[in-house]
Amino acid sequence: MIRALALVVLSLIPSLSRAQEAIAEFGAGQDPMLIRSTTDIAIIAPVLERFTALNPNLQVTYEQWGSNALFQHSRTVCKSGENPADIVFSSAIQQMVWLVNSACGHRFQSDLTNALPAARRWRDELWGITTEPAVIVYNKTLLQDQNVPRSRFALLDMMRTQPDLLRGRVATYDIAASGLGYLFAYGDSLEATTFGSLIEGFARIDAVATCCSAEIIRDVANGRFLIAYNVLGSYVANAKAPGIGVILPEDYTLVLSRALMIPRQARNKQAATEFLDFLLSPQAQTLLATSGLVAQMDTADTGLTPSARRFIALSPALLVARDQNRRAELFKLWNDAFDVESAR
């Protein structure tokens, strides 16, 4: 049980909004700070424990949300100004770019934010904090290493030559239920050489689009699925499932940096900027690496060359991902291919 600095999980409290998945409190100070994020409490807890230890004046309330619900709520708060968070932190970075583009963010600069690569900061209002690849995971007991697809081309070949083995046993995110899943599918759609073929291959083998990282990883571990595609690597690292193997696709691997915004109406901007700088500090980056949020992608260990790493930049280009026509085209392709089982 995570107890350091008075962590209290309140996920079963009746008054909790359905959009929130859980709430936790860190620290026992008199100065309140509110963080709304898609990151699981258990994953981010060591960072928040250390931050509040260094800032004993703070009491941090951390709300864990689903990405789509957090985006809609943040849009509403941006317009109304009611009960704003001091930090909004999400893996669905296309939604965060939209919020900043809609004048919902607070501008800030420091030596640490200025040191970020251009792909991980935008307008000094949005910052990429983590380094997380989208990976292929597989059941190590049911699939031998030599038979595991290490690229999309190999996965396509496997779906073509072994449809009976894979039928109903390949999973990925439901892009309607997961903002992160939509982001990865959109990123794949820009790679014209394989995306259409992947969708066709998924349809032929009755691949499953489902809700959430934890469920996908669990079902690969228990053998319901043999393979899961485009799963966020940090969640696999935190699942601590020894029966699961991980592949960084060698043709290209999408790499995500979770985006952090300080809302324009934040009530504790001082604490928010201190938290941002702390997250970018070597101390916090080491803690994030231990939690799987900052991945090591050494070529010798992963087979992934630097040229195959596709960092998803925080930039206006992500606004195209929210274009209604583009979304409609992608959803049509996706829905034609998948028997979506996640609850809407």
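**Helix contacts and cavities**

Tutor: Phe278, Leu279 and Leu280 in helix 11 meet Pro282, Gln283, Ala284, Gln285 and Leu288 in helix 12 (contact: heavy atoms within 4.5 Å; helix: a DSSP run of H or I, at least four residues, numbered from the N terminus). The model is predicted, so local features need pLDDT of at least 70 and side-chain atom pairs pLDDT 80 or more, while totals for chains, interfaces and linings use all residues. Residues are numbered from 1 along each chain as its sequence is written, and side-chain values use heavy atoms, without hydrogens and water.

The contact of helix 11 with helix 12 has six nonpolar residues, two polar and no charged (nonpolar: Ala, Val, Leu, Ile, Met, Phe, Trp, Tyr, Cys, Pro; charged: Asp, Glu, Lys, Arg; polar: the others, Gly among them).

Next come helix 5 (residues 152-161) and helix 8 (residues 195-204), whose axes come within 10 Å and cross at roughly 30 degrees. Helix 5 and helix 8 are therefore roughly parallel to each other. On the helix 5 side the contact is made by Arg152, Leu155, Leu156 and Met159, and on the helix 8 side by Ser197, Leu198, Gly201 and Phe202. By class, this contact of helix 5 with helix 8 has five nonpolar residues, two polar and one charged.

Helix 2 and helix 3 (residues 93-101) pack with their axes 10 Å apart, at an angle of about 5 degrees. Helix 2 and helix 3 are therefore roughly parallel to each other. Ser67, Asn68, Phe71, Ser74 and Arg75 in helix 2 meet Gln95, Trp98 and Leu99 in helix 3. This contact of helix 2 with helix 3 divides into three nonpolar, four polar and one charged residues.

The largest cavity holds about 80 Å³ of space. It is lined by 13 residues, and those closest to its centre are Ser74, Val77, Val88, Met261 and Pro263. Helix 2 (residues 67-80) gives the largest share of this lining, four residues. The lining of the largest cavity has nine nonpolar, three polar and one charged residues.

The second largest cavity has a volume of about 40 Å³. Its lining is made up of Ala119, Arg120, Val255, Leu256, Ser257, Phe311 and Ile312. By class, the lining of the second largest cavity has five nonpolar residues, one polar and one charged.

Key:
On a 1 Å grid over the protein atoms alone, a cavity is a set of points where a 1.4 Å probe fits but cannot get out, and a pocket is an open set with protein on both sides within 12 Å along at least five of seven lines; lining residues have an atom within 4 Å of a point. Grid points are joined across faces, edges and corners, and a volume is the space filled by probe spheres set on the points. Helices (H or I, at least four residues) and strands (E, at least two) are DSSP runs, numbered from the N terminus. Axes are lines fitted to C-alpha atoms, for helices over the stretch in contact, and angles run from 0 to 180 degrees between N-to-C directions. Angles under 35 degrees count as roughly parallel, over 145 as roughly antiparallel, 65 to 115 as roughly perpendicular and the rest as oblique.
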